[in-house]
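User: I would like to go through some of the labels attached to this model and see what each one rests on.

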Amino acid sequence: MNLSLTNRWALILLLLLPLFWWIGRQGLGYMRPLRRRLALGLRLAFIVLLVFSFAGFQTVSAVNNLALVFLVDRSDSVDAATQAHELDFVRNAISKMGSDDRAAVVFFAADAVVEQPMSPATAYGTTPLAQPASLPLNYYTDIEGAVRLGLALFPAEAQKRLVIVSDGNETTGSAEQAAQLAAASGAGISAVNVGNRPGNEMLVADLQAPAFVRQGEQFELNITISSSVETSATLRLYSGDNLQAVVPVPLKKGDNRFTRQVTAQQRGFATFRADLQPSQPNTDSAAQNNTYSAFTFIQGKPSVLLIEGHSGEADPLLSALRAASVTVTLIAVKDTPVDLRALAAYDSVVLDNVPASSLPPGAMETMQSYVRDLGRGLVAVGGEESFALGGYFRTPLEATLPIDMSLPNRLAQPNTAIELVIDHSGSMSEIAGGGEMKIDLVKRSADQAVTQLGTDDSVGVIIFDDQVQEMLPLSPVDDVKRIQGMIGGIEPAGGTDIHGGLAPAVSNLAQSGAKSKAIILLTDGVDGVNNNYDDLIKAAIDSKISITTIGVGPIINADLLGSLAKQTGGRFYHTNSGLDLPQIFTTEAHIAARSYLNQRQFTPQISAPSPILKGLKTLPDLYGYVAATTKPLASLVLASDNGDPILAAWQYGLGRAIAWTSDAQNNWAKSWVNWPDFSTFWSQAVIWTMGQTGSSSLQPRVTLDGPTASITVDAIGGGGDYINGLDMAASVAAPGQITNTLSLRQSAPGRYVGQFPAPQSGVYLIDVRAAGEVSSTVMVSGTLIQRTSAFSESETLGLAVPYPAEYRNLQPNTALLQHLISAGLPNLQPGQGAQKLLVLSDDPTPLLAHNLIAASAGHPLWPLFLLLAIIILPFDIAVRRLMITGGELRQLLAAITRRRPRPEYAPATNAMQPLFNSRRARQRPPPPTPSATPPLSADIAPIRSAAPLDTSSTIDASAPPSESLAARLRQEQERRRQ
């Protein structure tokens with residue numbers, strides 16, 4: 001038994017004892033020496049005991065009980081029959097444990113779980129592990145994780161032994177590092193080899209494809225098949241989900257290599273898969289390793305779909321792209337594909353002055369997914385019917401493009417006020433084309449028109465039949481849903497009073513301070529109340545209010561509606577079916593908002609360097625554009641003279657998008673159409689959206705470690721400088737079309753790293769996107785200017801994940817198991833020799849041997865020291881505070897021993913006799929005078945007192961009889977005390 005301390009630094013407090021002794025001596029000077037020494041001794045003893053408690057004194061003795069943790073491999077490399085034998089082995093070992101020994105059981109594979117916590121053998125019952133409850137993920141083997149969990153289960157006071165029951169086929173983690181940690185913690189390591197997996201086996205060991213090929217090029221797929229027996233099988237090759245070939249293959253024992261010629265079909269990311277089917281069932285024990293995947297990038301000529309808003313408008317752009325050897329397909333806007341698979345045949349889509357309302361239903365959503373999910377490109381070219389003027393506001397197109405349709409600082413811009421005057425007479429319940437009622441078409445059109453207005457615009461809704469109702473007073477568009485809800489409540493009824501509906505609309509707009517004022521009137525009949533509109537027309541002209549009229553159906557007053565529109569500067573529309581109402585409403589809403597249109601001559605300014613401008617030194621003038629706002633994460637490449645975006649670009653999902661707010665015709669861009677570099681500019685812009693510029697600043701790579709893949713991206717600028725502070729993320733499209741997004745953190749200058757789980761075999765498509773701000777020096781009008789601009793780039797790469805390594809190495813790794821045993825040898829007692837690698841058929845008794853270096857257990861003494869200090873404390877206080885005489889101590893002792901105390905002097909025979917005599921004397925008659933006193937008779941003896949009279953008594957025998965005896969006794973006692 002040894003003595004140790006847990007906090008030896010507390011003993012430094014003993015150096016304060018002299019100080020306490022000196023202070024106590026000075027403060028107890030009033031005491032007698034013996035009492036003072038006793039008080040000081042008690043105080044110092046109290047302090048010493050407290051210090052010993054703080055120091056953590058304890059006795060240390062060796063312990064001989066054993067704690068075992070069985071780590072049982074439950075991965076797929078161990079078949080079900082062998083797993084049952086593992087449990088039999090563990091049960092047998094537990095049943096032979098000593099009464100003081102304890103054991104825990106951990107099941108492990110890709111993760112580790114506690115099947116049975118540390119417990120004595122008796123806690124396992126008669127059938128230990130009869131119903132295993134834990135089920136770890138079985139597609140990997142992580143021995144390191146199991147060892148670390150096992151170490152956490154050991155008690156502090158025991159000999160510790162880890163028993164690894166496994167085939168040793170580690171597929172993730174580092175068991176060696178965990179074994180070193182176990183050895184450092186004093187644990188011994190034993191291992192049990194579960195043996196070979198029974199049965200024959202064949203597997204696809206590898207499938208290789210080139211990283212890049214050209215479209216139409218033939219290339220080779222190299223397949224390696226391993227077999228443990230000579231046999232035959234059928235090999236199926238897939239390209240994507242399409243079966244390409246079925247090939248019978250003869251197999252010899254060992255590795256077999258085959259080659260298959262493949263032609264690159266559609267350009268883009270191509271995946272391939274090899275599936276192996278054995279001819280005889282008994283030649284293959286595991287089917288999980290019969291599939292292998294690979295991928296390649298198929299490159300070809302850029303293919304672009306060019307969509308024009310009006311016939312002939314896209315001719316300059318079409319010629320420019322074809323001059324740069326770009327394959328272009330030109331279509332009208334009405335022919336825009338709404339099927340994502342049809343769009344997927346193109347690398348990029350170009351919209352040339354296309355209004356959103358003219359696109360087929362669903363086309364905008366398809367384009368959004370085409371860019372975001374397929375990683376393709378989109379270029380939007382402006383014009384008088386594009387962007388805000390084309391109804392892009394709050395549409396999927398606006399979400400996809402790098403610009404917002406709303407304008408900044410709208411207080412400085414002319415705002416818009418629109419009154420919607422809607423006829424809801426009974427005839428509006430008639431069915432129009434497409435099977436919808438007229439009123440439903442009107443409500444849907446009005447809803448869409450409201451969404452095109454900004455929060456600084458105003459809108460009002462007036463409905464009429466033969467009565468007029470102001471449903472929504474003219475007010476800011478601050479809650480679109482609320483406004484649409486009100487419009488949705490319109491129901492048809494009554495006659496028609498067009499004049500009554502227009503009058504409040506003109507009055508409201510006349511009082512508005514908006515710079516642009518418009519009325520959109522919709523009716524399907526003839527005014528049956530008033531035919532005189534001169535007053536309304538004059539008021540509208542005076543207040544600069546335009547009235548656009550829309551007549552629906554065959555019975556309308558076309559002369560009236562046409563005159564109202566013509567005299568006030570509006571437009572007159574006549575439609576029989578009403579199907580084009582949504583487009584009419586949207587067009588009118590944006591024509592009213594002419595503040596977006598900027599028509600003047602200016603020279604675009606370079607705001608940020610971009611591959612789009614590569615080799616372009618000077619830029620021609622432009623003569624107009626549609627105002628917009630650059631989104632925060634977008635890169636502003638070219639700006640107008642007042643900072644509005646002319647060319648903006650960004651990464652959107654997996655793809656890229658560009659917005660050119662001017663046009664590409666002989667109108668606003670007439671100087672550009674005649675510019676020698678017009679073809680170069682547009683080809684570089686379109687190809688940039690395809691991600692094939694070859695000038696990316698991102699250099700990504702991906703590696704696989706077990707079920708986890710690691711991404712490393714180096715961001716390096718054109719000058720070789722590291723690009724720091726980027727917001728970098730990666731989208732990972734796993735097999736089965738499951739997409740995850742993870743953020744990459746910066747780990748070094750210009751380096752960004754991240755991890756994602758890759759447990760499923762197959763091909764993973766990874767798109768890395770980086771955004772942020774970079775500083776650069778640019779030339780503007782001959783002057784070098786330092787600017788901070790947005791950075792946005794992306795790169796795409798792939799990762800082919802084979803089946804888990806559990807199904808590749810089916811033979812036990814005895815070398816690793818032996819190495820793990822060796823790591824724990826230093827913790828064996830001297831002379832024990834090497835540990836044997838057991839098998840499941842061996843006797844587990846060697847695992848139960850108490851042959852590890854004896855562990856020690858500490859027994860704390862601080863409670864004893866603290867108890868003694870508590871006992872001493874009252875005595876310390878008593879010595880200082882109480883004044884006790886020797887007699888009082890003797891009386892206390894007598895009380896304790898139940899005996900009378902001995903008197904301090906010999907008492908008289910009767911101590912009270914003098915008092916009694918005095919009393920009797922007072923009661924006798926007075927003696928006779930001497931002369932009359934007769935002589936004593938000779939036969940009468942003199943009276944003697946039983947005890948001598950105390951002559952020192954002051955009791956006055958002549959005291960008056962009224963004074964009580966008790967009072968005289970009290971007086972005598974006080975005299976003696978004095």
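User: In which strand is L799 found?

Analyst: L799 belongs to strand β40, residues 783-801. Strands (E, at least two residues) and helices (H or I, at least four) are DSSP runs numbered from the N terminus. The model is predicted, so local features need pLDDT of at least 70 and side-chain atom pairs count only at pLDDT 80 or more, while totals for chains, interfaces and linings use all residues. Residues are numbered from 1 along each chain as its sequence is written, and side-chain values use heavy atoms, with hydrogens and water left out.

User: Why does L799 count as buried?

Analyst: Buried means under 20% relative accessible area, exposed over 50% and partly exposed in between, with a 1.4 Å probe and protein chains only. L799 has 9% relative accessibility, so L799 is buried.

User: Which residues is L799 in contact with, leaving aside neighbours within four places in sequence?

Analyst: Contact means heavy atoms within 4.5 Å. The partners of L799 include F295, V702, L704, F756 and Y764.

User: Why is the pair W660 and W682 called edge-to-face?

Analyst: Rings of Phe, Tyr and Trp (its six-membered ring) pair if their centres lie within 6.5 Å; planes under 30 degrees apart count as stacked, over 60 as edge-to-face and the rest as tilted. By this rule there are 14 aromatic pairs. For W660 and W682 the centres are 5.6 Å apart and the planes stand at 75 degrees, so the pair is edge-to-face. The pair links distant parts of the chain, with W660 in strand β33 (residues 655-660) and W682 in helix α17 (residues 678-689). Both W660 and W682 are buried.

User: What makes W672 and W675 an edge-to-face pair?

Analyst: Their ring centres are 4.9 Å apart and their planes are at 70 degrees, so W672 and W675 are edge-to-face. W672 and W675 are each buried. One aromatic cluster is formed by W660, W672, W675, F678, F681 and W682.

User: How do you know that the charged end of R656 sits over the ring of W688?

Analyst: The rule asks for NZ of Lys or CZ of Arg within 6 Å of the ring centre and within 35 degrees of the ring normal. The charged end of R656 is 4.5 Å from the centre of the W688 ring. R74 likewise lies over the face of F107, at 4.7 Å from the ring centre.
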